[in-house]
Amino acid sequence: FLTVGDDNACDHESIQAAINSGLSNTIRIASNKNYFENLSSSDRSLHLIGGYSDCTMAGFNITDLSQGVLTGNGSDRVIEFLNSNAGNFEMTVRNLIVANGSDGIYFTSQNSANSTLTLNNVRAFNNDDSGINIVTVSGGQAETIINDSMIDFNTGGGVNCSGDNSNLKIT
């Protein structure tokens, strides 16, 4: 795992830098800072896990269930998962607030990719299009599981599903 936050114990100061490093698919995000970023990841499994007061606690995997705040630039997707290669991909977003983008979370699976997105304790709000946008194209399959999350105050709607092979579970 990699840690992201605003203290000396952190591996990175930005979430996208941790993603780009490619050193781990698990990124533990401290809530001791607000993140003004738009994230993008392609053709890999990725787990964005908030709920840590700082990077020391993230290093020990001691959660306080706080939600890290990820604020987009107002015109692009805040988190974008693009899976276009055949393969099995798992994405997790946990204990994060995702706001101020075109879509809060955009999740697409195409070209026979089999992708699963799990959201736990996520709040997606104040996005211009959808809070969560799930798209399948050209034989891609997408399963989305939303647990204990709030999707509200998005101009275009809460959850949008398009394509033939989308499966959505809300608990």
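In what order do the five strands of the open sheet lie? The legends below take up this question and then turn to other parts of the predicted model.

**Figure 1. Overview of the protein chain in the predicted model.** Two helices and 15 strands make up the secondary structure of the protein chain. The radius of gyration is 15 Å, close to the 16 Å that the globule rule gives for 171 residues, so the chain is as compact as a globular protein of that length. The C-alpha trace spans about 45 × 35 × 30 Å along its principal axes. Of the 171 residues in the protein chain, 47% are buried. Its accessible surface amounts to about 7,400 Å², and carbon and sulfur atoms account for 44% of that area. When contacts between residues at least 6 apart in sequence are considered, 73% of them join residues at least 24 apart.

**Figure 2. The open sheet of five strands.** The strands follow the order S4-S7-S9-S11-S14, and their pairing is parallel. Strand S4 (39–42) and strand S14 (157–162) form the edges, each pairing on one side only. On average, neighbouring strands of this sheet are turned by 5 degrees against each other, direction ignored.

**Figure 3. Strand S11 and its partners S9 and S14.** Strand S11 comprises residues 130–137, and six bridges join it to strand S9, residues 105–110, with the two strands running parallel. Within this pairing, Tyr106 has Asn133 of S11 as its bridge partner. Five bridges link S11 to S14, and these strands also run parallel. Here Ile134 stands opposite Cys161 in S14. Seven of the eight residues of S11 are buried, so this strand is largely enclosed by the rest of the structure. In a regular strand, side chains alternate between the two faces of the sheet.

**Figure 4. The largest nonpolar core and the surroundings of Leu48.** This core contains 34 residues. Ile15, Leu48, Ile79, Phe81, Val93 and Ile105 are the residues with the most contacts inside it. Leaving aside residues up to four places away in sequence, Leu48 touches Ile15, Ile19, Ile27, Ile29, Leu39, Ile79, Phe81, Thr92, Val93, Arg94 and Leu96.

**Figure 5. Asn61 in the loop between helix H2 and strand S6.** The loop that holds Asn61 lies between helix H2 (55–60) and strand S6 (68–71). Phi of Asn61 is near 60 degrees, which is a positive value in a residue other than glycine. Is Asn61 buried, exposed or partly exposed? Its relative accessibility is 43%, so Asn61 counts as partly exposed.

**Figure 6. Asn111 in the loop between strands S9 and S10.** Asn111 is placed in the loop between S9 and strand S10 (113–125). Its phi is near 55 degrees, again a positive value in a residue other than glycine. With a relative accessible area of 38%, Asn111 is partly exposed.

Terms used. Residues are numbered from 1 along each chain as its sequence is written. This is a predicted model: local features need pLDDT of at least 70, side-chain atom pairs count only at pLDDT 80 or more; totals for chains, interfaces and linings use all residues. Side-chain values use heavy atoms; hydrogens and water are left out. Two strands pair if DSSP finds at least two bridges between them. Helices (H or I, at least four residues) and strands (E, at least two) are DSSP runs, numbered from the N terminus. Axes are lines fitted to C-alpha atoms, for helices over the stretch in contact, and angles run from 0 to 180 degrees between N-to-C directions. The radius of gyration is taken over C-alpha atoms; the globule rule is 2.2 Å times the number of residues to the power 0.38. Buried means under 20% relative accessible area, exposed over 50%, partly exposed in between (1.4 Å probe, protein chains only). Contact means heavy atoms within 4.5 Å. Accessible areas come from the Shrake-Rupley method with a 1.4 Å probe; for residues, only the protein chains shown count as cover. A nonpolar core is a set of buried Ala, Val, Leu, Ile, Met, Phe, Trp, Tyr and Cys residues joined through side-chain atoms within 4.5 Å.
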